[in-house]
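Work through the exercises below with the structure in view. Try each task before reading its solution.

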Amino acid sequence: MAAEKTAVEIRDDREHGKLVAYVDGAAAGVIAYFVMDPEPGALVPVHTVVEPAHEGKGIAGSLAGEFYRMAAREGVPVVPLCPYVAKWAQRHPEQAPAVSEELVQGARQQLESHPELL
């Protein structure tokens with residue numbers, strides 16, 4: 001049986017490094033991310049979380065897709081350090097361009113030197 005799709009509103013909270021999915025006005029899922037230095041080097045998702053009551057409804061996939069669309073609108077790459085977003089990117093290569101290993105290493109180094117981004 002296919003996952004049930006839910007009407008989702010997605011908003012970027014850049015100040016707090018969160019792309020948030022809302023269902024009926026309540027937060028249902030989030031991708032935590034940071035903007036790689038020097039700005040705007042890349043958008044780097046580090047965690048994807050969906051509230052248990054909303055699992056299996058396509059919310060994480062909607063968030064990942066919107067994350068890549070947001071980066072494309074801004075003209076910056078996505079460096080998917082989040083395991084979920086990395087898997088989503090592998091399944092949707094037409095929407096999720098690959099990035100250089102150098103960029104991935106740079107994002108990892110920035111994350112390691114700023115643990116508050118986790």
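**Exercise 1.** At what angle do the axes of helix H1 and H2 cross?

*Solution.* The axes of helix H1 (residues 59-74) and H2 cross at roughly 75° and come within 10 Å. Because 65 to 115 degrees counts as roughly perpendicular, H1 is roughly perpendicular to H2. Axes are lines fitted to C-alpha atoms, for helices over the stretch in contact, and angles run from 0 to 180 degrees between N-to-C directions. Next, the contact (heavy atoms within 4.5 Å). H1 contributes Ala-60, Gly-61, Ala-64, Gly-65 and Tyr-68. H2 contributes Tyr-84, Val-85, Trp-88 and Ala-89. By class, seven of the contact residues are nonpolar, two polar and none charged.

The model is predicted: local features need pLDDT of at least 70, side-chain atom pairs count only at pLDDT 80 or more, and totals for chains, interfaces and linings use all residues. Residues are numbered from 1 along each chain as its sequence is written, and side-chain values use heavy atoms, leaving out hydrogens and water.

**Exercise 2.** What is the strand order of the open sheet?

*Solution.* The order is S1-S2-S3-S4, with antiparallel pairing. Strands pair if DSSP finds at least two bridges between them. Helices (H or I, at least four residues) and strands (E, at least two) are DSSP runs, numbered from the N terminus. The edges are strand S1 (9-13) and strand S4 (43-50), each pairing on one side only. Strand S2 (residues 18-23) and strand S3 (residues 26-35) are joined by six bridges. Lys-18 has Ala-32 in S3 as its bridge partner. H3 packs on the sheet and touches S3 and S4. The direction of H3 makes about 105° with that of S3.

**Exercise 3.** Which elements give two or more residues to the lining of the largest pocket?

*Solution.* Start with the lining, which includes Tyr-68, Ala-86, Ala-89, Val-104 and Arg-108. Helix H2 (83-91) and helix H3 (101-113) each give two or more residues. The lining divides into 11 nonpolar residues, no polar and one charged.

Key:
1 Å grid on protein atoms, 1.4 Å probe; cavity = no way out; pocket = protein on both sides within 12 Å on 5 of 7 lines; lining within 4 Å. Nonpolar A, V, L, I, M, F, W, Y, C, P; charged D, E, K, R; others polar. Parallel < 35°, antiparallel > 145°, perpendicular 65-115°, else oblique.
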